[in-house]
Each structure stands twice: as C-alpha cells, then as structure tokens.
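Subject: Handover of a structure and the findings on it

Dear colleague,

Please find the structure below, together with its sequence. The findings follow directly after it.

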Amino acid sequence: MHKRFTRVSALIRKELIQILRDRGTLLMILGLPLLEMFLFAYAVNMTVDHIPTAVADLSMGQSGQTFLQAMEISEFFDLDIHVTSEAAVIEAIEDGEAMAGIVIPPDFEAAVERGSGQVLVLLDGSDSYTVQSGYRAATAIAQSQSLAVTAEKLTRSGASGMSLPLFTSTRVLYNPNMDGMTFMVPGVVGMLLQMLTISSTAMSVVREHELGIMEQILITPARSLDLIVGKLVPNVLLAIVDLLIVLGTGIFWFKVPFQGSFGLFALLSLTFIISGLGMGLLVSTFSKTQKEAQQMSSMLLMLSMLLTGLIYPRANMPAAVKFVGDLIPVTYYFRIIRGIMTKGVGMAFMWQDALVLLIYGVVVMTVAVKLFKKRLD
Amino acid sequence: MSLLRIWTVTQKGFIHILRDKRTLMMMLSIPMLQLLLFGYAIDMNVDHVPTVIADQSHDAESRAYIESVEASSYFDVVGYVAGPDEMAAAIDRGDAHAGIFIPPDFAAQLKRGDAQVSFLVDGSDVLTAQSAYAMAGTLGQNYAGQVQLQKMEAMGFQIKANPIDARVRILYNPNMENIWFTIPGMCAMILQIQTIALTAASVVREREAGTIEQLLVTPIRPIELMIGKVIPNLILAMVNMLSILALGVFVFGVPFQGSFRLFFWLSLLYSFSGLGLGLLISTVSKNQNQAQQIIMAVMLVGLVLGGFLFPRDTMPQVLRIIGNIFPLTYFIPISRGIITKGVGLGMLWEQVAGLVLYVAVIMIAASRAFRQGLD
C-alpha cells in the first residue's frame, strides 16, 4: 500500500511540475477566468435603451407632441432625427442612422379626440435586442399615454379625478436591483470550472499520448489507476485555486452577495469538479489528437454557454434543446451555485440537482476510467 | 514566387485534412449542430414565465384578473398556493419564477378604487426578472384601464378603450423569427473561429512535430509556405460557413435579401482576418496547449464584445473600443446588412473599409512574424 502511495504521489508531483513549468498556460488558466468575469460583468446588458430614432410628426398637434415627449423621457428612444415623411423614416433605418422610427399621421389630433388615434412605430428587425426592447417600450408608453388621455377626458367631462382602481407592486427577490453582475458571477464561476476541468484533463492526457511519453510511463511500475489519479489530483487542485480566485474577485470586488452556506458550496463544487474531470477523461479517450480534443472541448464550451441557463433562460426552450442541456452537468451546477449564492437556499431545495451531479460524476468517472484503462493496455 | 510550390503545399494541406476523417466529420457537423441549437436556444423574448398564484380573495373579480393574466402570454400559471410565504418558497425551489398575490378583499377594493396586487419576481435570473418586471407593470396597467372603462360605461360615459394605439411594424423580420436573427451572426462567428483555430493549429502542430524543419530544407520560400498553409483552411472554413448559410436559407427559410456575390467576396475578405490572426497566434505559441488557450481567450472576448451575443450599443465606451480589435465586430453589421436588410456596399462602406485595413495590417504583421519565426 505504501509503495502505491509513493507511486501515486510521484505521478502527482510530476504532473504539478509540468503544469507549473508551462507558465504561459498557467497564466492563461488563472487569468482567463478573471478576464471573462470582468468582460461579462461590464459588457452584458440585455436591455437596449437610447435607441436612435427617426421621427416624422405629420400632425404638429398637441397630442402628438405629448406622445413624442413621453417617448423621449422614457430614455428608451433618442429622437435624434426629424424628417417629414414615413418614407424618409424608413430610409433612415435602412441607412443605419436610426434603429427605430415614429410616424404620427396628419389627423392624429382629431383621431385621439374621437378615441381612435394610431401611431406607427417602426423597428429595425435585423437586431433582436433592439426589437425586443423597442417593442416593449413602445407598447408600454402608448398604453400609459392612452390612460393619461382617458383620464384627462374624464376630468373634462366632469367626472371627479378617477385614478386607476388597481395598483400593482412588484418585488424582486434576492436581487432587488436586478444587478447583472449578481447574475453573471455565479454563472462565470460555473462556466470556468467546467471549461477548466474538461479541457485541461483532456489536453494533458492527449498531449502525453501524442508526445509518446505514455509509453515511457507505462514501463514504470505505476498501475493505470495510479496514472489516472495522478493526472486528476493536480487538475482538481488547479480548479479549486481558480474557483477561489474567481469567487473572491466576485465577492470582494464586485460585491456580489454570497447568501448561503460556503461549506455546502464547497462540497457540491467538488462533486461538480469531479464530474468535469470525468468528462475530460472521456474526451481524451475519444480523441486521438490534441486538435480533436480541442475541438470537442470548444464544442462543449459553446453548448454550455447557450443551453445551460448561463445567460438565456431554459424555461422556454423547446423540449429537444432542453434535453441536450439536461445532459450537461453544468446546467445543474448553475442552479446549485445560484441557489446558494443568490437565493441563499440550502440542501432541502437543491437535493435533486446535487443528486444528479453525484450520479453523473460517479457514472462518468467509472466509464472514463474503464475506457482509459482499456486504452492503456 | 513559385505557384507550383504553393500548390504543392496546398495539396499537402488538403491531404492532411482529408486523411483526418474524424476531425473533418466533426468540423463539418458541429457548426450545423450549433446552428440548430443556437437558433432555438437563444430567445431573448422571455415570456411564458412559470408563475404561481396566491388568490386569497376567491371571488369573480380575482378570477377575472387571473384569467387576464393567463390570456396574456407573459405568465404561465403553473400552480396555486395559499399565500405569500408559499409563493416565495416556490420561487426558492425553482418551481416558479414569479408569483402573484391577490389580497382577500379584492372585489370590494376594486370597487372602491384602491385594489392592490403584488408580484414577486425571481431576481436570480436577470433576463427573466427584467422581463417579468416590465410585463407585470404592463399587465397591471392594462387591466386597471379596462376596469376603469367598465366603470365609466356603467356611469354612462362614452369612452373608447384605447385612444392611443401604437401599431408596431418590424422591418426586415416582421415576425421576430429567432433564427433570422441568429444566422447572420453565426456565419460571422463560424468563419472567425474556424479560420483562427484551423490555421493556428495546423502551423503549431507541424512545429511541434518538427516537420517544419523538413519543409525549410526544401526550396520553398516562407511566404509560399504561408500561403499554402492558409488556403486549405480558408476553403474549409468557407465551405463550413456556406453550408450553414444554405441550411438557414433553404431549410429554415431565412430570407437572403441582398446580393450573394457581395456577401461572398466580403466573407472571403473577412476570412483573411481570421487566417492572419491564426498565423499570428501560431507564432507566439510554443505548443498546441498554449495555442488553444490563446484561441479560447480570443474567441471568448471577441464573441462577447463583437455584438453577436450581446448588444454593443449598451456597452461602456472602453469595451466598445476594445471590440474594434476583433474583426467579428466589423463583419456582423455587414452580414446582417446584406442578409437581413438587403443593403449594398453604399451603406456598409465604413465597415468594409475597416475590414480592409484590418486585413492588410494583420496579414503584413503575420507574414513578418511568420518569417521571423522560421529563422
């Protein structure tokens, strides 16, 4: 037993030395997470406002002016360009000078009085974010303007100040200001852990294979299981260091809240890391060259970014797409990490996700180790 | 410069690629897979938010309100709970992302004119939270207006429902089809990733394997080697991109409004930016692992800042400037402009000029670095 331990620790040491020697990669591994976090935190903003807008007010009446003022005040639309026809508005959008357009028809004033005023809002459909934001903003503003007009009419007709009979209050749980960083930091932590565990394991294995070092190691008395452990432990350590760096930055620099239990978080993260390493081993058994391993890792990265709930909510994805996301372990980890960090919930609410990760880790590891052993022999 | 020598190296590159059937398969199928997933997964429009309702009023008015909530496609009622605490618990568990609480005296309050409804929204998911927040407000306003109207009519006032109606017309993509948004961006992304990764990988691999020395012994000149290496990857990447485009246009029915010829030539130009970047990366990486890491970094940063996944308009100035370092940033407006809007060179000349400059600079830098690296 003692001999075995010596062998394994020797392998671990060798792997660590290799990792530390490759300073370039090391820098990359430690720096990339931070880079990504800063990037996501500052760059990601889903709602577009100050949309450059072209306006054609053909009515020149009071109601039109009020409506346009409301659009401007909302800060969703910047009424920069004033033209005199619908065609000119469309041309401004085609040119790319404006992303939205408002056309107020000549008879708007009278129409509003009659109760059937219509405003035309044009949106540049080539940019999805603008369209979403613009659509929502335009309809909301039109609606509130409608209500304002109605209220005014009522006051004029003699009805005493009729206020809206219904008041809606909205409270946002966990993240009252809907702060993007609170949302992204846990996501980035998860993403990077996955990237790191999968790619570094896969690459290191394949690289040795390619360079032929594998044969040399096989000559030593080390058993294949020792080899595997020797490969995995340093990568686990690296992943943990990375995790702490990213998390630390998130909490102390970005002031992202950490509501729940750190112990629970550590335990579940470890489980996730193991499942990631298992996947890395799997990728390495299926790739003959480094290029292949790289391709597979990149694909996994791509899929993970989109299908796992990192940015885009999974609730509305079609079943087939959701299913693919269900196969990726980080999907469950996202729920766990957001649950602990942002919501502050405990095991009681997350045991299903935790169980899935555990099973995943065990299964993948077993399969990977078996295949790996077979390959070595 | 000898065309024959260039052609030989090119041929060698092709043989390499074709021999590696598995990688080839992967490379051709992965983008298609991505397209299918991208097209359906990225949906910025968050509606049908799973919602629980705590209706403590249980009268006709509260039911009418709940019905109006269900009728809008904003919130999907997934369950009824007893009260606000249970609502919060449901959101904690993740069973729902929103909750609506209707207090006990709803009908009477509505009549008096001071009814209150409370929405609870899951803030751990910012996209959903922002949408739900906005939708809650809109719904509330809408319903309140309707109730008011009914009251008015009951009192004998003749007031029309919506004196101001905004008719929204969305140019180029009237139905806000998700995949129409994604295809142009995907073409840009795939071309960029493939050109950079393939080029860097092929050069570094040879350097690692030591075959570069063997090549240098031949009468081939560095520039010819460079061109020969670049061409197979260029063709592969273009084929990839075009097959995605074809898939989008012929299978998903994405309209291609502009000139295909223009798009083709501009894509070719754009590819050279990636090829140049790939070459540059290959000169600064000592091994495949490093190259991969650098590529991943470039990819990540470029993707986030380029304007495909997130809007550039809302980014702080600094990040927008950094985004200009990536060729993706220039090509996405070009791609969108030609495919979705159907505009021509006239509207796109700024981006095209930027791209031309970029390619020129990078190819010069890359070839110089490449030649130096060989010595």
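How many of the 377 residues of chain A count as buried? The share is 49%, where a residue is buried if 20 or more other C-beta atoms, placed from the backbone, lie within 10 Å of its own, exposed if 12 or fewer do, and partly exposed in between.

Before the details, a note on the basis of what follows. This is a predicted model, in which local features need pLDDT of at least 70 and side-chain atom pairs count only at pLDDT 80 or more, while totals for chains, interfaces and linings use all residues. Residues are numbered from 1 along each chain as its sequence is written, and chains are lettered from A and ligands numbered from 1 in the order in which they are written.

The two chains

Chain A has 14 helices and five strands. Helices (H or I, at least four residues) and strands (E, at least two) are DSSP runs, numbered from the N terminus. In chain A, 78% of the contacts with a separation of 6 or more are between residues 24 or more positions apart; two residues are in contact if their C-beta atoms, placed from the backbone, lie within 7 Å.

Chain B comes to 14 helices and five strands. Its radius of gyration is 28 Å, well over the 21 Å that the globule rule gives for 375 residues, so chain B is more spread out than a compact globule. That radius is taken over C-alpha atoms, and the globule rule is 2.2 Å times the number of residues to the power 0.38. The C-alpha trace of chain B spans about 95 × 45 × 40 Å along its principal axes. Of the 375 residues in chain B, 49% are buried. Among the contacts in chain B between residues at least 6 apart in sequence, 79% join residues at least 24 apart.

The contact between the chains

Chain B gives 98 residues to the contact and chain A gives 99. On the side of chain B that touches chain A, the elements that give two or more residues include α2 (21–41), α6 (126–155), α7 (178–209) and α11 (288–306) of chain B. The most comes from α6(B), with 19 residues. By class, this side of chain B has 54 nonpolar, 29 polar and 15 charged residues. Here Ala, Val, Leu, Ile, Met, Phe, Trp, Tyr, Cys and Pro count as nonpolar, Asp, Glu, Lys and Arg as charged, and the others, Gly among them, as polar.

Helix packing in chain A

Helix α10 (residues 262–286) and helix α13 (residues 329–343) of chain A pack at an angle of about 170 degrees, with their axes 11 Å apart. Axes are lines fitted to C-alpha atoms, for helices over the stretch in contact, and angles run from 0 to 180 degrees between N-to-C directions. The angle makes α10(A) roughly antiparallel to α13(A). Angles under 35 degrees count as roughly parallel, over 145 as roughly antiparallel, 65 to 115 as roughly perpendicular and the rest as oblique. The crossing of α10(A) and α13(A) is left-handed; a crossing is left-handed if the near helix is turned anticlockwise from the far one by less than a right angle, and right-handed if clockwise. Among the residues that meet are Leu264(A), Phe265(A) and Phe272(A) in α10(A), with Tyr333(A) and Ile336(A) among those in α13(A). The residues of this contact divide into eight nonpolar, two polar and no charged.

Helix packing in chain B

Helix α10 (residues 260–284) of chain B packs against α7(B) at an angle of about 35 degrees, with their axes 7 Å apart. α7(B) passes α10(B) in a right-handed crossing. This contact has 12 nonpolar, eight polar and no charged residues.

The axes of helix α9 (residues 222–251) of chain B and α10(B) come within 10 Å and cross at roughly 130 degrees, which makes α9(B) oblique to α10(B). This crossing is also right-handed. Its residues divide into eight nonpolar, three polar and no charged.

Two individual residues

Asn240(B) lies in helix α9 of chain B and is buried, with 23 other C-beta atoms within 10 Å. Asn240(B) and Pro31(B) are 209 residues apart in sequence, and 7.4 Å apart in space, C-alpha to C-alpha.

Gln69(A) lies in helix α3 (residues 62–73) of chain A and counts as exposed, with 12 C-beta neighbours inside 10 Å.

With kind regards
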